[in-house]
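Biologist: I'd like a close look at a single part of this protein. Please take me through the surroundings of the ligand.

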Amino acid sequence: MRPRPFRLLRPETLEEALAARREWGDRSALLAGGQSLVPAMNAGRHRPEVVIDLKGIAGWGGVHADDTSLTIGALATHERVARLGAADLPTELAQVPEVARATAPHPVRVRGTVVGNLTAGFRGAAWPAVLGAYGARVGMRHVERGVAAVGVHEAPGLASEGWIATEIVVPAGHRIGRAEVRVRASGRSYRVTCAMAHHAGGGADVWLCGLTSSATHDRVEDLSDDDLTHLAQGRAGQVEASPRRTESGADPETDERDLWHAATRTVLRRARTELEENTR
Ligand SMILES: Cc1cc2nc3c(=O)[nH]c(=O)nc-3n(C[C@H](O)[C@H](O)[C@H](O)COP(=O)(O)OP(=O)(O)OC[C@H]3O[C@@H](n4cnc5c(N)ncnc54)[C@H](O)[C@@H]3O)c2cc1C
């Protein structure tokens, strides 16, 4: 399918991009690497009248690390982050380039951005879990509401309300444990990612990102905080998550549910082991 005709704007500054966003509101879409937006437009799921291409904004493609944090610019690609070496980063952030290397096929990695990945709200991605566990903040600007620094899971909602993400700041305060499992069921491929960090008050903060289909990622959200705590403590057998009904009203198939539970248990166990090793 071809996208419906649209007007392309190429702002050269954040202020111009914000002004375009104010003028066109939700009839416009921001374009970074295009790896999520363009397929959505081609499939007719997204039909903006105006596309605001951010790639002309100077200085947004870089990454910068010092002893305390890593800053990922809004146009920094997965590949740019993947090329960071251990010597470029504080020790605690050594897993960040590994996540970038595992994200998407190479042609997608050289175009797609980490910020676009977060703002697209792609739940099958590893980035939201890993950056969440690190306590990363997304810097955002709104033409009327000013400046904000928000948690990674708030970014998709704010982006759809007209905020523009300018950077991600990943503090070097935590060591994390991370694991990822891919499963195939009923001809579909799923991925479950877990990242966890020690909680300041004891225990672990657990971040789960799930899966490529809405029916299955709903199930991630069905797990209560208590369920996650039990799982993180290795008491997986105690959890009986009851899947929500899917949008079509049908319950997900049992074999997929079992697989999903097995994958979730596996990533939680592995992430916990890695966290213990990393903090020993
Ligand atoms: C074949 C294929 C395989 C893939 N596999 C994976 C995978 O295994 N793992 C994975 O994590 N991802 C995968 N992706 C997605 C990929 O990582 C994309 O790069 C990413 O999801 C979007 O980044 P982008 O720069 O291309 O964003 P775009 O497509 O340009 O934009 C995505 C969304 O974010 C919004 N947006 C972009 N920049 C900003 C901003 N600065 N402020 C506010 N909103 C903004 C856009 O308006 C749009 O809604 C895959 C994509 C493809 C095509």
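Biologist: Of the 29 residues around the ligand, which come nearest?

Modeller: Gly 33, Gln 35, Gly 112, Gly 116 and Ala 125 do, out of the 29 residues around the ligand. Two notes before we go on. Residues are numbered from 1 along each chain as its sequence is written. The model is predicted, so local features need pLDDT of at least 70 and side-chain atom pairs pLDDT 80 or more, while totals for chains, interfaces and linings use all residues.

Now sort the shell around the ligand by residue type. It has 19 nonpolar residues, ten polar ones and no charged ones. Here Ala, Val, Leu, Ile, Met, Phe, Trp, Tyr, Cys and Pro count as nonpolar, Asp, Glu, Lys and Arg as charged, and the others, Gly among them, as polar.

Next, where do these residues come from? Strand S2, helix H2, helix H6 (114–119) and strand S8 (164–171) each supply at least two. Helices (H or I, at least four residues) and strands (E, at least two) are DSSP runs, numbered from the N terminus. H6 gives the most, with four residues. Domain 1 (7–56) and domain 2 (63–171) each contribute at least three residues to the shell. Those bounds come from an automatic or database domain assignment.

S2 (residues 28–31) pairs with S3 in the parallel sense, over four bridges. Two strands pair if DSSP finds at least two bridges between them. In this pairing, Ala 29 stands opposite Val 51 of S3. From S2 the chain passes through H2 (residues 37–42) to S3, in a right-handed β-α-β crossover. Right-handed means this: with the strands pointing away from the viewer, the path from the first strand over the helix to the second runs clockwise.

S3 (residues 50–53) also has strand S1 (residues 7–9) as a parallel partner, over three bridges. There, Leu 8 has Val 51 as its bridge partner. So Val 51 of S3 faces Leu 8 and also Ala 29, with a pair counted from at least two bridges.

To place this part in the whole: the protein chain has eleven helices and eleven strands. Of its 280 residues, 39% are buried, that is, they have 20 or more other C-beta atoms within 10 Å of their own, with C-beta atoms placed from the backbone (12 or fewer is exposed, in between partly exposed).

Key. Near = placed C-beta within 6 Å.
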